[in-house]
Amino acid sequence: MKTTYFQKFSALAVALSITTAAAAQTAASTVEGTTPLGPVTEYRTWSVGFGAGVLNQSNIFGFNRAGFEEMNHHVGYSAYVKNQLTPAFGLKLQYLGGKISGVNPEAGASMVSEFETKTPWSAALSAEFTLGNTSWRFFNGIVKPYFAIGLGALNYETTVSVDDISTTADSETKLFVPVDAGFKFAVAKGINIDLGYQLNWANQNLDGIRGGQYKNDLFSYAHAGLEIALGDRNKPYLGNSNPVATMTARYDELVAERDGLIAANEQLRSELTTLHDELGDADGDGVANKFDKCPDTPEGVKVDGAGCPLPEMKHETKVVEKIVVTEEDRKVVDEAIKNLEFDLSKATIRPSSYESLNKVAALLIEKNFSLKLAGHTDNTGSMQLNMRLSKERAEAVKTYLVSKGANASRIEATGYGPTQPIASNANAEGRQQNRRVEFTLY
């Protein structure tokens, strides 16, 4: 019996298993944009698979064997499209093609001594169950055993040899039942290596022999291939996901958030304690501890802004100088009032008023008098205009006196407009008297 294909397939399976086990730590992905028990829209659910392997009419379990003891091993090829409905269950539409053949070296006369059956195509719809994840710690399952069973149509054409005469039957398409089991190894995000063994129960005439103790012919397909997830590469593949790891990762996130909040609360409590100590007033002097340069000041001692005792104040007798305004002083002021003239409707002092104002300035400097200037107008024109003009004329007199050396802080200038008349505004003479600046010494 030829064993070349079995040997190659076994070596490939062992190599892939070792490689995948070594890469287990790096092949696992983290939980990316998924939530525990979240909707399938968070995942990629469609995938395609491609494979190749060994086809023959024998099987590793040794049951339902036909009389062809010398089985030939041929290359088979397969492809499928799968929709993963849950992490543990999906539906796949599979194609399988190739050929099988065998020899019966003990065949007698008029017996089939050799057969060859070509299977150009087959199509089967199978339910695939992911049985478990060998490491529950990884979100992206690394090693996943699976089992699948389905029903489909198998197209085949059989050639048999009887007494060295070969006869080819017409092509037929019959129902068959594929049963598949194996392991999938995650080697990249959304990419699995698929190692499996498939038994296929087919029509009894598959090997050209009808009747006998076997009601159906059985052939096997040992295969290796790739499964590739379709869709948005930023999403994880549902077939690789591990719900337990997803929930565990979320639990770890919640624990980390809790620990972060606890640490933040401890830090806040420490800061509040420090702030309470700094803003407290241990010696009761009214200055917070943080700013108290003298923290042990005795009770009742007056302190400065830094919490240190104030120096003792010496009691001094304050001498208040009495201001006396003489009659002669009033004459100087009265003369200035009489001689004070402004340009018409303006606050410009006429030069004829300078001499008497100079005497007032000298009096203020000599005797350190204070002076109040009150500007007044008649009621001609608007109230706003008169208030402004009276204020400006009083300010003009103050400016002149200050320019001659008088102390500006001792001169007050105010405007009252027409609100304080001293004569009637009904005639020209009365209005003339109301247009004035009053000087008051004190």
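## Terms and model

Ala, Val, Leu, Ile, Met, Phe, Trp, Tyr, Cys and Pro count here as nonpolar, Asp, Glu, Lys and Arg as charged, and the others, Gly among them, as polar. A pocket is an open set of points on a 1 Å grid over the protein atoms alone, with protein on both sides within 12 Å along at least five of seven lines; a cavity is a set of points where a 1.4 Å probe fits but cannot get out; lining residues have an atom within 4 Å of a point.

This is a predicted model, in which local features need pLDDT of at least 70, side-chain atom pairs count only at pLDDT 80 or more, and totals for chains, interfaces and linings use all residues. Residues are numbered from 1 along each chain as its sequence is written, and side-chain values use heavy atoms, with hydrogens and water left out.

## The largest pocket

The largest pocket holds about 590 Å³ of space, a volume being the space filled by probe spheres set on the points, which are joined across faces, edges and corners. Its lining has 22 residues, with F342, R393, Q432, R435 and R436 nearest the centre. Seven of the lining residues are nonpolar, seven polar and eight charged.

Helices (H or I, at least four residues) and strands (E, at least two) are DSSP runs, numbered from the N terminus. The largest share of the pocket lining, four residues, comes from α6.

## The cavities

Three cavities of 30 Å³ or more are found in the whole structure. The largest cavity has about 80 Å³ of space. Among its 15 lining residues, G51, S78, Y80, D194 and H223 are closest to the centre. β10 gives the most to this lining, with five residues.
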